[in-house]
Amino acid sequence: MRQRINFRNRREGLDPVWGGLQALAVPLVVAVLALGQGFNSSGTFGDPTTSELGALIFLVVVPTSWVFAIDFIEASRLTVVVVGLATSLPLWWWLGQRIARRAPSWPMWWLRFVIAVLAWTSLFMVAFATIGSVFA
């Protein structure tokens, strides 16, 4: 009896490139919406915290921009946005690829991705509130 042996990598899950691209869509859209308000614009009477919430939401989707909070780093807003996106988007890409390699279908991929985004946002908000209450 003759048996064929296949030494190729087994491909399970979904296309990781497409998963990475889909994962980039969410933080890019959220960053554009957060930056659309402007960090220095003041909200109207009905919406007084627009710029503060925009900055907080931007920090959620671009977590590496915390580096610019260090005192000796002086950077313009454009530098913070560009460098923050350039260093954070690979993290989102990696998350999308990782989920795609293990997900059996695209609806399951989206479910897992939404759970990951909600978990990250919740942990970020808890950490932000904790740090804010300690240093306030």
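Within the chain, the mean confidence is lowest in helix 2, at 76, and highest in helix 4, at 91, where confidence refers to pLDDT, the predictor's score for each residue on a scale from 0 to 100. The model is a predicted one, in which local features need a pLDDT of at least 70 and side-chain atom pairs count only at pLDDT 80 or more, whereas totals for chains, interfaces and linings use all residues. Residues are numbered from 1 along each chain as its sequence is written, and side-chain values use heavy atoms, with hydrogens and water left out. The average pLDDT of the chain is 81, and 79% of the residues score at least 70.

The chain contains 4 helices and 0 strands, and its pattern along the sequence reads α-α-α-α; helices (H or I, at least four residues) and strands (E, at least two) are DSSP runs numbered from the N terminus. Of the 136 residues, 27% count as buried, a term that denotes under 20% relative accessible area, with exposed meaning over 50% and partly exposed lying in between (1.4 Å probe, protein chains only). Among contacts in the chain with a separation of 6 or more, 67% are made by residues 24 or more positions apart, a contact being defined by heavy atoms within 4.5 Å.

The largest nonpolar core comprises 18 residues, and those with the most contacts inside it are Phe58, Leu85, Trp92, Trp109 and Phe113; such a core is a set of buried Ala, Val, Leu, Ile, Met, Phe, Trp, Tyr and Cys residues joined through side-chain atoms within 4.5 Å. At least two residues of this core are supplied by each of helix 1 (16-37), helix 2 (50-61), helix 3 (77-102) and helix 4 (106-135), and the largest share, 6 residues, comes from helix 3.

The buried residues of helix 3 include Val80, Val81, Gly84, Leu85, Ser88, Leu89, Trp92 and Gly96. The 26 residues of this helix should span 38 Å at 1.5 Å a residue, and its end C-alpha atoms are 37 Å apart, which agrees; the expected span is 1.5 Å times one less than the number of residues. Leu85 itself touches Ala31, Val62 and Pro90, when residues up to four places away in sequence are not counted.

Gly19, which lies in helix 1, is buried, with a relative accessible area of 0%, and, its neighbours within four places in sequence aside, is in contact with Gly96, Gln97, Ala100, Trp106 and Trp109. The C-alpha atoms of Gly19 and Ala100 are separated by 5.3 Å, although these residues are 81 residues apart along the chain. Gln22, likewise placed in helix 1, counts as buried at 11% relative accessibility and touches Trp106, Trp109 and Trp110, with residues up to four places away in sequence not counted. Leu24, also in helix 1, counts as buried at 17% relative accessibility; leaving aside neighbours within four places in sequence, Leu24 is in contact with Leu89, Trp92 and Trp93. The C-alpha atoms of Leu24 and Leu95, 71 residues apart along the chain, are separated by 9.4 Å.
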